[in-house]
Amino acid sequence: MIAIDVHLDADAAAAMANDVREGLTASPKELSPKYFYDERGSQLFERITELPEYYPTRREREILRDRSAEILAAAGTPGTLVELGSGSASKTRHLLNAMRAAGSLRTYVPVDISEEITRRAAAELVDEYPGLDVRGIVCDYETHLERVPRPEGALIAFLGGTIGNFRPAARRSFLARIATLMYPGDRFLLGTDLVKDRAIVEAAYNDSAGVTAEFNKNVLTVLNRELGADFDLDAFEHVAFWDPENEWIDIRLRALSEQLVDLTGLDMRAHFARNEEMRTEISTKFTRERIESSYADAGLELLEWWLDAEGLYALSLARPAQQ
């Protein structure tokens, strides 16, 4: 059975307008990475995950391929999998396969901002897993986290290293909301990219094929369409570099010339100086100690920790603290 609930409405449009207005009037300018992910942006990101330089997806998939049965057992062999930022659910199949092999598979709850991708993935999954109940939620999970349905004893997965896109305060708040919403029997599975050699990290976000640059500029396409902006994509270049103090990759768009951009939907004009940079994303890299600290601050407790063969990436399992 497939049921898809859509929570993208006028509130989402107003939230986008507020976010963009605030970001373009800040110093330095900044846009939320959530606006990368329209249909084209989601497709571009899927291409990024297959690039030779982009190791995180391969490393996470390796752990899921090799350790899903162990992960499932450590989580108490749940029958429901909730995935935040599910996308095409390509990696998720390793967990679903383990659940099917254990005889526990009942429900999959994909939560994503793209309705088209969620519906497509749901249709594929019910064909691949007869009897699977797919209850998709199309929403901004940062805003509508409390609307995600599940029975007690679910495994809640947040994969792809997306937690690294949150600033420290926002990350703490997001994890705390998850901890508050979890039933005692729920478990939380988190994917995190790890601190490593600078050259490896920077190459992952500056691929030779230019797909990451195209993905980065897609946020301007979204603003042009949704907010009546007139960004010239060729007037900006992709920039990504390692910030050792914060231990994150800093991703920006740099204006190649001085320019004025009109956003008719916001009734505003944004000025960009030549070489001015606008941040579009950060991607924090973690250590086990940082993850344990982040969990503790949020009211979660680290239970298990799995690495890929080269120690580049980690999956961790947590539960609500004080059980």
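I take contact to mean heavy atoms within 4.5 Å. The model is predicted, and I kept to its rules: local features need pLDDT of at least 70, side-chain atom pairs count only at pLDDT 80 or more, and totals for chains, interfaces and linings use all residues. Residues are numbered from 1 along each chain as its sequence is written, and side-chain values use heavy atoms, with hydrogens and water left out.

**Entry 1: Thr-212**

I began with Thr-212, which lies in helix H9, residues 211-227; helices (H or I, at least four residues) and strands (E, at least two) are DSSP runs, numbered from the N terminus. Leaving aside residues up to four places away in sequence, I found that Thr-212 touches Ile-48, Leu-51, Ala-204, Tyr-205, Asp-207 and His-238. With a relative accessible area of 7%, Thr-212 is buried, where buried means under 20% relative accessible area, exposed over 50% and partly exposed in between, with a 1.4 Å probe and protein chains only. The side chains of Thr-212 and Asp-207 are joined by a polar contact of 2.5 Å (a pair of N or O atoms within 3.5 Å; within protein, one must be able to donate a hydrogen and the other to accept it, and residues adjacent in sequence count only if both atoms are side-chain atoms). I also noted that Tyr-54 is 158 residues from Thr-212 in sequence, yet the two are 9.7 Å apart in space, C-alpha to C-alpha.

**Entry 2: aromatic rings**

I next looked up the aromatic pairs, of which the structure holds 15; rings of Phe, Tyr and Trp (its six-membered ring) pair if their centres lie within 6.5 Å, and planes under 30 degrees apart count as stacked, over 60 as edge-to-face and the rest as tilted. Phe-45 and Phe-215 form a tilted pair, 5.9 Å centre to centre with 45° between the planes. Phe-45 lies in helix H2 (residues 39-48) and Phe-215 in helix H9, so this pair ties together parts that are 170 residues apart in sequence. Phe-45 is partly exposed at 22% relative accessible area, whereas Phe-215 counts as buried at 5% relative accessibility.

The rings of Tyr-141 and Phe-174 have centres 6.0 Å apart and planes at 50°, so I recorded that pair as tilted. It links distant parts of the chain, 33 residues apart, with Tyr-141 in helix H6 (residues 141-144) and Phe-174 in helix H7 (residues 168-181). Both Tyr-141 and Phe-174 are buried. I then followed the ring pairs that link Phe-36, Tyr-37, Phe-45, Tyr-54, Tyr-205 and Phe-215 into a cluster.

**Entry 3: cavity**

Which residues line the largest cavity? I listed Val-82, Leu-84, Leu-145, Val-148, Arg-150, Ile-156, Ile-178 and Leu-181, a cavity being a set of points, on a 1 Å grid over the protein atoms alone, where a 1.4 Å probe fits but cannot get out, and lining residues having an atom within 4 Å of a point. Its volume is about 100 Å³, taken as the space filled by probe spheres set on grid points that are joined across faces, edges and corners. Strand S2 (80-84) and H7 each supply at least two residues of this lining.

**Entry 4: Ser-294**

I ended with Ser-294, which lies in helix H10, residues 288-298. Ser-294 is buried, with a relative accessible area of 12%, and, not counting residues up to four places away in sequence, it touches Arg-171 and Leu-175.

Definitions and conventions:
1 Å grid on protein atoms, 1.4 Å probe; cavity = no way out; pocket = protein on both sides within 12 Å on 5 of 7 lines; lining within 4 Å.
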